[in-house]
Amino acid sequence: MDVLRFAVLGLATGAIYGLLSQGLVVIYRGSGVLNFAHGAMALVGAYTYYELTVGQGWSTVVAAVAAVLLCGAVGALVHVVVLRPLRRAAALSRVIATLGLVLVIQSSAFLLFGHNSLVVPSLFPVDPVELGGLSIGADRLSIILVCLVVSGGLAAVYRFTSFGRVTAAVAEHETTAASLGHSPDLVASTNWAVGSALAGLAGVLISPLILLEPVALVLLVIPAMASGLFGQFRSFPAALVAALVLGVAQSEIQRFVSAPGWATAVPFLAVIAVLVVRGRSLPLRSFVLERLPAVGNGRPPWLWVALFGLALCLVSLFADPDWATAITTTAAMAVICLSVVVITGYAGQLSLAQFVLAGIGALVAAHVSPHVPFLVALGVGAVVTAVFGGIVGLPALRTRGVTLAVVSLGLASAVAAVVLNNAALNGSTSAASGLVIESVDVFGLDLDPIVHPERYAVLAVLVLLLLSLAVANLRRGVTGRQLLAVRSNERAAASLGINVAYTKTYAFVLASGIAAVGGILLAFMLPTVTVGDFDVFTCLLVVAVTVVGGVGNIPGAYIGALLTAGGVVSQLLSGLTAINDYLPLVGGLVLVLNLVVSPDGLFEFNRRLLAEKLPRPVRRGAGRVASLSEETGEPIRVEPWPLQVSGVSVSFGGVRAVRDVSLEVRPGEVHGLIGPNGAGKTTLIDAVTGFVRSQGEVTLGGRVVTGWSPRSRARAGLARSFQSLELFTDLDIAENLAVAEDTSRRFRGVTDLFRPGQVRLGPAASAALRHLQLDQLIGRKPSEISFGQRKAVAIARSIARMPSVLLLDEPAAGLDDREAADLALLIRELADLWGIGVLLVEHKVDMIMAISDRVTVLQNGAVLAAGTPEEVAGNPAIIDAYLGTATPVAATVERVEP
């Protein structure tokens, strides 16, 4: 009987999750935004309902309706004021904007209603109802009924009404929908209003079941997102079923499992496991001109850094106890924010678990502290947390973007519940209510934070400076370039031989170790370590404030730490009431404003302002950043390995995109591949380079590479370009080519932290730059050179690894006739002078016929004809199907002799 009773109770909880997840689905379908502030919107509804019923004496029904309508209006306003200006920003920026809204709403609730829990009257009768021998509260049954009715209504509206069809059309292709007379902004605003109203309704319904306080309601977004993600934020029924199952599972585990935290953790872990196994990332809507926040170059002004560090240490050493404690807090939080710079700024992985990982480090260090010196405890805590962070980062190998953000937030919630809040581990059952640690002592010098807070502050500052220098070195090293390449484009990185899985895992490991150091410094400020203070909500706060400061720059971590409670700013404004509640509010407002005005952060914004106002410094030569090989700039002959494609087929579902295609690319020849749009040309390149699964056989130089990863094929001598270039925009030209040449060495990820070295391009990259007349551009970013030059850089990067075979996918797209002629000449030279076998996909038929040795024609995924350019141009079947002329195309580019 208990099983049934708790199942029904769990259905009521799941119904609340269901309403929230339905709101998330509505907002995502209408605007393409994953709203992390959805739980905060439930908070608005709950507190409005409380104020109107308890404070103003309104009836529960009228108050509930008013609260829901207010949430709808706030949701529409949020879209118009915050999200609409960010519609062309990166998905990461839009997600972080919603984190800013969380800070604003929660801080406002603390300021208006205080920190005490509040009792809220129920909207429905609470009298028990007998159902088959079960006594269940009528309010629980009413919540389940409301959820089912609302979910059914939403599914019907979005499937059968014109509004639903218009929303689907806008979600599918915004520009096309706008050309048909539909307003994407109106559709998005309406859906934001509906989704936010659903969140408000959930807040009204759940607040009588729990004591009303801001943190719990804000974190309701975690189970709601887990449920919505199960249905890819598109299916109302799937999200509802997942939410109900989640609620029932939590209720049953709460009843029958005595171990603390598992009721929270197990259902989330199950949903995350399904998502990871399924291996799908959230299908984010494509926005034009998406960009990630700018990244610094990792070259700090050493003199100013030394002076700044010395001044900071002197201030800390002579500060009074209150100021010393504030400096320590800010330094420790800056270290944790620095971990966000590594994982999000450099690697582009949105992890929302960094503060909880900092708590893991503090927990481990506190347990070993009585047995080892402080520095050893610090190292053990960092290493164990780094390993743990690598495990937390495993989902990043199969998920990415905001999907990874949801997964990491769920994992953080699970870890906090099972580990950090476990009384058997955190020492909360003892009289000291925490883990008692030894006094901090370094090389015989007493640094006890209670007795000598100024000394401990100097230690925290020194650790921050050392880690900052290590992260700066990382940016300049091989590993940093690979991190930025993966952040920019995983496919392009893999095509250059980068181990994407290893690179992502490294970022999680390093960032987790850094976060652990910050957590240890923070926790060891008191004689007893209370790891329960490392909560999930602060995980959101840490990411938000780092983005405010500038997530791609090390000083951004410093600026972000100033916005956290208990630090230097709190001490400076200590005379103000509730300053620690105001700081998150200010941080949230600044975050939202900053994303709209300057998405790169306050540091980058002010740096650019100073650069505009100060006299332009004399530009130093690019050799300071990179150096070319001193060897001759003449082309280098590559290994003469032929590419053989035999019976390759590719299917997507029931559609065969490529059907039994066979061709050969010989060393030193250009093999043209033509066909109408949809013929399967790009898909064939993807199959040959390992980016899609295929049937058939691919051999390179006699080695069968079928089944090899794109990285392995690239290292074997198979290079490719992409239609959209896919240069790494955060790296300059020299660094783009260095990524292709960089080789992985043992312990490179460690040595780069101390000795990154300079960019030195090898003979192949140097020869390519000189031959293509790009050697004067090596210090510039791709955005600073012409489109034609970017095309040349993409080819130079592809041949920097000296591939035996180069597959070019529409390299002349977007070029004028002169630029196309120059490119054709270059491609011919790659074959004749370098000995590279080139497979050229191009829509410019005259260019193909002019420079190709052989040509293959695809139609509907199959080979229509193959032969010399003259044979193909004179083939009647090809004339009718593709060329549309009986006159062979004359060569317009002379062959370059080697």
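## Helix α6 and Val 170

Val 170 lies in helix α6, residues 162-172; helices (H or I, at least four residues) and strands (E, at least two) are DSSP runs numbered from the N terminus. With a relative accessible area of 0%, Val 170 is buried, where buried means under 20% relative accessible area, exposed over 50%, and partly exposed in between, for a 1.4 Å probe and protein chains only.

## Basis of the model

The model is predicted: local features need pLDDT of at least 70, side-chain atom pairs count only at pLDDT 80 or more, and totals for chains, interfaces and linings use all residues. Residues are numbered from 1 along each chain as its sequence is written, and side-chain values use heavy atoms, with hydrogens and water left out.

## Thr 344 and its surroundings

Thr 344 belongs to helix α14, residues 321-346, and counts as buried at 1% relative accessibility. A polar atom of the Thr 344 side chain lies 3.0 Å from the backbone oxygen of Gln 349. Leaving aside residues up to four places away in sequence, Thr 344 touches Leu 92, Gln 349, Leu 350, Ser 351, Arg 487 and Val 551; contact means heavy atoms within 4.5 Å.

## Nonpolar cores

The largest nonpolar core has 251 residues. Such a core is a set of buried Ala, Val, Leu, Ile, Met, Phe, Trp, Tyr and Cys residues joined through side-chain atoms within 4.5 Å. Helix α14 supplies the largest share of this core, 15 residues. The residues with the most contacts inside the core are Phe 36, Leu 352, Phe 524, Val 529, Phe 534, Leu 761 and Ile 827.

Ile 827 touches Val 670, Leu 808, Pro 811, Val 838, Leu 840, Met 847 and Ile 851, not counting residues up to four places away in sequence. Another core, of 25 residues, lies apart from the largest one; Val 645, Leu 673, Leu 684 and Val 688 are among its members. In soluble globular proteins, nonpolar side chains tend to be buried together.

## Salt bridges

The structure holds 15 salt bridges, each defined by a side-chain nitrogen of Lys or Arg within 4 Å of a carboxyl oxygen of Asp or Glu. One of them joins the side chains of Arg 487 and Asp 730 at 2.9 Å, N to O. Arg 487 lies in helix α20 (478-488) and Asp 730 in the loop between β13 (718-720) and α30 (733-741), so this pair ties together parts that are 243 residues apart in sequence. Arg 487 is buried, with a relative accessible area of 8%, and Asp 730 is buried at 11%.

The side chains of Arg 608 and Asp 600 also meet in a salt bridge, at 2.9 Å from N to O. Arg 608 counts as partly exposed at 34% relative accessibility, whereas Asp 600 is buried at 2%. Asp 600, Glu 604, Arg 607 and Arg 608 are linked in a network of salt bridges. A further salt bridge, at 3.6 Å from N to O, pairs Arg 666 with Glu 664; Arg 666 is partly exposed at 38%, and Glu 664 is partly exposed at 23%.

## The six-stranded sheet

Six strands form an open sheet of mixed pairing in the order β13-β15-β16-β10-β17-β18; two strands pair if DSSP finds at least two bridges between them. At the edges stand β13 and β18 (862-867), each with a single partner strand, so one side of each is left without a neighbour in the sheet. Neighbouring strands are turned by 20 degrees against each other on average, direction ignored.

Strand β10 (670-674) pairs with β16 (837-841) in the parallel sense over four bridges, and Gly 672 stands opposite Leu 840 in β16. Helix α28 (681-689) packs on the sheet, touching β10, β13, β15 (805-809), β16 and β17 (854-859), and its direction makes about 150 degrees with that of β15. Axes are lines fitted to C-alpha atoms, for helices over the stretch in contact, and angles run from 0 to 180 degrees between N-to-C directions.

## Strand β8 and its partners

Strands β8 (643-652) and β9 (655-665) run antiparallel and are joined by seven bridges, with Phe 652 opposite Val 655 in β9. The two strands form a hairpin with two residues between them, and Gly 653 in the turn has a positive phi of about 65 degrees. β8 also pairs with β11 (695-700) in the antiparallel sense, over five bridges; there, Leu 643 has Leu 700 of β11 as its bridge partner.

Note on methods: A polar contact is a pair of N or O atoms within 3.5 Å; within protein, one must be able to donate a hydrogen and the other to accept it, and residues adjacent in sequence count only if both atoms are side-chain atoms.
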